[in-house]
Amino acid sequence: MSPGQRVVVVGAGITGLSCAYRLRDRGFEVLVLEASDAVGGKMSSVRRDGYVVNRAANILPSSYAAVRGLAQDVGLGGRIGAMPVVLGVPRDGRMHRLRASGPGMLVDGLRTSLLSVRGKLLLRRMLVDALRMKGSLSYANLGAAARFDTETVAEYCERRLSPEVRDYLVEPILRALFTCNADTVSIVDFFFAAVNFVGSGMMRYPGGIDFLVRELASRLDVRLSARVTSVTDEPDGVRVSWTGPDGVSRVESADACVLAVSGAVVPALYPGLDASRREILTSKLRYCVTYAGHFALRRRPSEPSLVVPVPRAEDENLCVVVFSHNAGEACVPSPSAGLLSTYWLHEWSSSRRLRTDDEVIAEMLPAMAKVVPSIEEDLVFARLDRWDPAVVRSYPGWYTHVARLGELADAGGRIQLAGDYLSASSTNACAVAGEEAAGRVARVLAGGSVGSAVAR
Ligand SMILES: Cc1cc2nc3c(=O)[nH]c(=O)nc-3n(C[C@H](O)[C@H](O)[C@H](O)COP(=O)(O)OP(=O)(O)OC[C@H]3O[C@@H](n4cnc5c(N)ncnc54)[C@H](O)[C@@H]3O)c2cc1C
């Protein structure tokens, strides 16, 4: 690396910030441009009336090595820990509670009446299949699982399990992770989650889930309200055009650029993108739309579960409720207050794009009253976050494209891509994608240097 080599990172979500931090570690001069007025993207939180609301991501499984590694490196390692977690699955008017890690998980799994004895015995098949796939289910190269990517989760359940296991175990987990039902999602996503999350327990983190992105951003040069409009590769370096909060257009010159944004917006930002990746990102990549409804309560509901995945038979559109206050006091103003985050089915969310926030919240409340009967009288405020695009909506065959994107990762040279579409969308996958992109940039920039900002 030549001294003073300059890299522009587009997007201050966990992908962009992990990438920028690792580049800074390697000695590059890094500028992060973020379109919104806050950092974190889908790992951000907002604070209101003493409540800390995680706008999208809420849960960090303990198995998230990249997230843990970043936290360690920025001095937050001592502030994260393991947390005992209870999952609650409603079935026929009864809540079935299961500890989600440790020996308690096995005991509860054997004792629970959520599944019949036959259903539990069938789970051995799932274990055998998970062991067969395990070696191909890594964060950095999920394209390796393409050979298993031949059916939907529903088709797999039909072939290997039973309708009961699908309806009360497999599909609720899938809905909680992707806000999609089993009849569309690739089996790779399900096994990736089963192998990487089940039994790992969850991370306790300080305050909001934005703890990590805020710390990373505090060590970097991040410009907010800086919307990038195009990135081009010129003979003497990369040009990044952006518009600042004052509406003035500017051009940055840099030695390299990393586009750490949703794959849905990459083709428009990067006119020089090669035809293969352009084709994948424009016509193969699909995202789901997820509306998140957050409910701040003056009285805490008695439910002890942290996460309640909702089976389709219990409510078609409500996919999961997170009882955030059960993770600790830090997100609520007093020990008696409650905070719920709820995530809604892709089809339901996407068909409500034209409704106002108040209209959508009003539609959510009756379903919420089934889970927390006193919700309306205890409500301090409700907040809607519309994630559109939210997470990648996989389908059988999608991971062939992920494998191809992996093969072409170096094709961009000085302009690198990173984001949630390179693995199964999660904060950890994004942290890995950001770090990998930093490594590729460092390899590409073995010599030469340009730099400076030009206002236009
Ligand atoms: C509702 C929901 C719940 C989730 N729950 C979990 C969970 O519990 N646990 C988990 O691990 N994962 C969860 N995920 C997934 C995880 O949050 C995401 O995969 C991850 O945070 C995405 O990070 P990112 O940096 O790639 O993208 P983003 O967070 O979307 O960041 C991209 C950033 O780029 C900016 N940007 C876009 N265009 C431009 C432009 N032209 N110029 C400048 N900036 C631009 C955006 O404003 C944004 O800040 C959830 C996702 C959603 C949607």
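This is a predicted model: local features need pLDDT of at least 70, side-chain atom pairs count only at pLDDT 80 or more; totals for chains, interfaces and linings use all residues.
**Entry 1: domains 2 and 3**

Taken over C-alpha atoms, the centres of domain 2 and domain 3 are 25 Å apart. To see which stretches of chain that involves, I looked up the bounds: domain 2 is made of 86-101 and 289-388, while domain 3 covers 116-198. The rest of the division is domain 1, put together from 6-42, 210-286 and 393-455.

**Entry 2: the interface**

How many residues of domain 2 are in contact with domain 3? I found 22 on the domain 2 side, meeting 11 residues of domain 3. Next I looked up the area, as the size of an interface is often given as the accessible area lost when the parts come together. About 1,200 Å² is buried between domain 2 and domain 3, and carbon and sulfur atoms account for 53% of that. I then asked which three residues supply more than any others of the area that domain 2 buries here. They are Arg91, Arg312 and Cys319, with 40% of it.

**Entry 3: charges and polar pairs across the interface**

I kept in mind that side chains of opposite charge can pair when their charged atoms come close. Three salt bridges cross between domain 2 and domain 3. I also looked at the pair Arg91 and Glu164, which form a salt bridge with their closest N and O atoms 3.1 Å apart. For polar contacts, I noted 10 residue pairs across the interface of domain 2 and domain 3. On the domain 2 side, strands β6 (86-91), β16 (318-323) and β17 (338-344) each give at least two of the residues that touch domain 3. Sorted by class, that side of domain 2 has 13 nonpolar, six charged and three polar residues.

**Entry 4: around the ligand**

Then I checked some distances to ligand oxygen atoms. From Thr427, a polar side-chain atom lies 2.7 Å from one. Ile14 uses its backbone, with an N or O atom 3.1 Å from a ligand oxygen. Asn58 also has a backbone N or O atom at 3.0 Å from an oxygen of the ligand.

One I looked up joins the side chains of Glu435 and Arg22, at 2.9 Å from N to O. Why does this pair tie together parts 413 residues apart in sequence? Glu435 sits in helix α15 (residues 427-444) and Arg22 in helix α1 (residues 14-25), so the bridge links those parts.

Conventions
Residues are numbered from 1 along each chain as its sequence is written. Side-chain values use heavy atoms; hydrogens and water are left out. Domain bounds come from an automatic or database domain assignment. Contact means heavy atoms within 4.5 Å. Buried area is the accessible area (1.4 Å probe) that two parts lose on being put together, summed over both. A salt bridge is a side-chain nitrogen of Lys or Arg within 4 Å of a carboxyl oxygen of Asp or Glu. A polar contact is a pair of N or O atoms within 3.5 Å; within protein, one must be able to donate a hydrogen and the other to accept it, and residues adjacent in sequence count only if both atoms are side-chain atoms. Helices (H or I, at least four residues) and strands (E, at least two) are DSSP runs, numbered from the N terminus. Ala, Val, Leu, Ile, Met, Phe, Trp, Tyr, Cys and Pro count as nonpolar, Asp, Glu, Lys and Arg as charged, and the others, Gly among them, as polar.
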